[in-house]
Amino acid sequence: MSDYYNAFEMSPVPDPGPDAVAPEPFRGIYGMPAFATIPTSDLAASVDFWIRGLGFFELFSIPGSLVHLRRWAFQDVLLVSAAGVPAQAPAMSFSFACVLNQIDSLVEACRALNPNSVDGPRDTPWNSRDVEVITPENARIVLTAAKPFDPASQEARNLEAIGITPPDVGRGDNDEHA
């Protein structure tokens, strides 16, 4: 028996596939369940990279001290003005979902802004394609896109081995768990 259940209806992330369409940028105001706060010594340069490279938009700002950026719903970043930033990126990373057809353009955009900012893309054992980006403030950001699910794949066997079974027609079956 598994304690896992499908709850995909809670997420803005679309079903994986070559024709998956990314959700529109979300401009609503909500109580953020999680967000990243990233210090930067050059707020303008950081905002430029996050917008032109990573596809975020400015939700609002407090001039000279904070810029709230967002992509999809629940993908929030607060860039905050700081005297300095770490000299190198930490081992820790923060991941943001995207769709497969965004990976190449995000890689190109980030490399155009900083040729050495991107590592990847690479496929993972848990059925995603990931790109690691080091931002101007030395944050380690991972853009991750789910790949189409192949029930005969090694990735499917990896997930099944830990009790995660493929999503099926039971989407929306969260009612009994809510």
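In helix H1 (43–52), the residues Leu43, Ser46, Val47, Phe49 and Trp50 are buried (under 20% relative accessible area, with exposed meaning over 50% and partly exposed in between, for a 1.4 Å probe and protein chains only). Seen down the axis of H1, these buried residues fall within an arc of 165°, so they line one face of the helix; the arc is that of the directions from the helix axis to the C-beta atoms. Ala44 and Arg52, on the other side of H1, are exposed. Helices (H or I, at least four residues) and strands (E, at least two) are DSSP runs, numbered from the N terminus.

The model is predicted: local features need pLDDT of at least 70 and side-chain atom pairs count only at pLDDT 80 or more, whereas totals for chains, interfaces and linings use all residues. Residues are numbered from 1 along each chain as its sequence is written, and side-chain values use heavy atoms, with hydrogens and water left out.

S1 pairs in the parallel sense with strand S4 (residues 76–81) over five bridges, two strands being paired if DSSP finds at least two bridges between them. Val80 in S4 is the bridge partner of Pro39.

Leaving aside neighbours within four places in sequence, Tyr30 is in contact (heavy atoms within 4.5 Å) with Arg70, Trp72, Ala73, Phe74, Gln75 and Asp76. With the side chain of Arg70, the side chain of Tyr30 makes a polar contact at 3.2 Å; such a contact is a pair of N or O atoms within 3.5 Å, where within protein one must be able to donate a hydrogen and the other to accept it, and residues adjacent in sequence count only if both atoms are side-chain atoms.

An open sheet of mixed pairing is formed by four strands in the order S5-S8-S7-S6. Strands S5 (94–98) and S6 (118–123) stand at the edges with a single partner strand each, so one side of each is left without a neighbour in the sheet. S5 and strand S8 (residues 140–146) run parallel and are joined by five bridges, with Ala97 opposite Thr144 in S8.

Among the buried residues of helix H2 are Leu100, Ile103 and Leu106, and their cover includes H1, S5, S6, S7 and S8.
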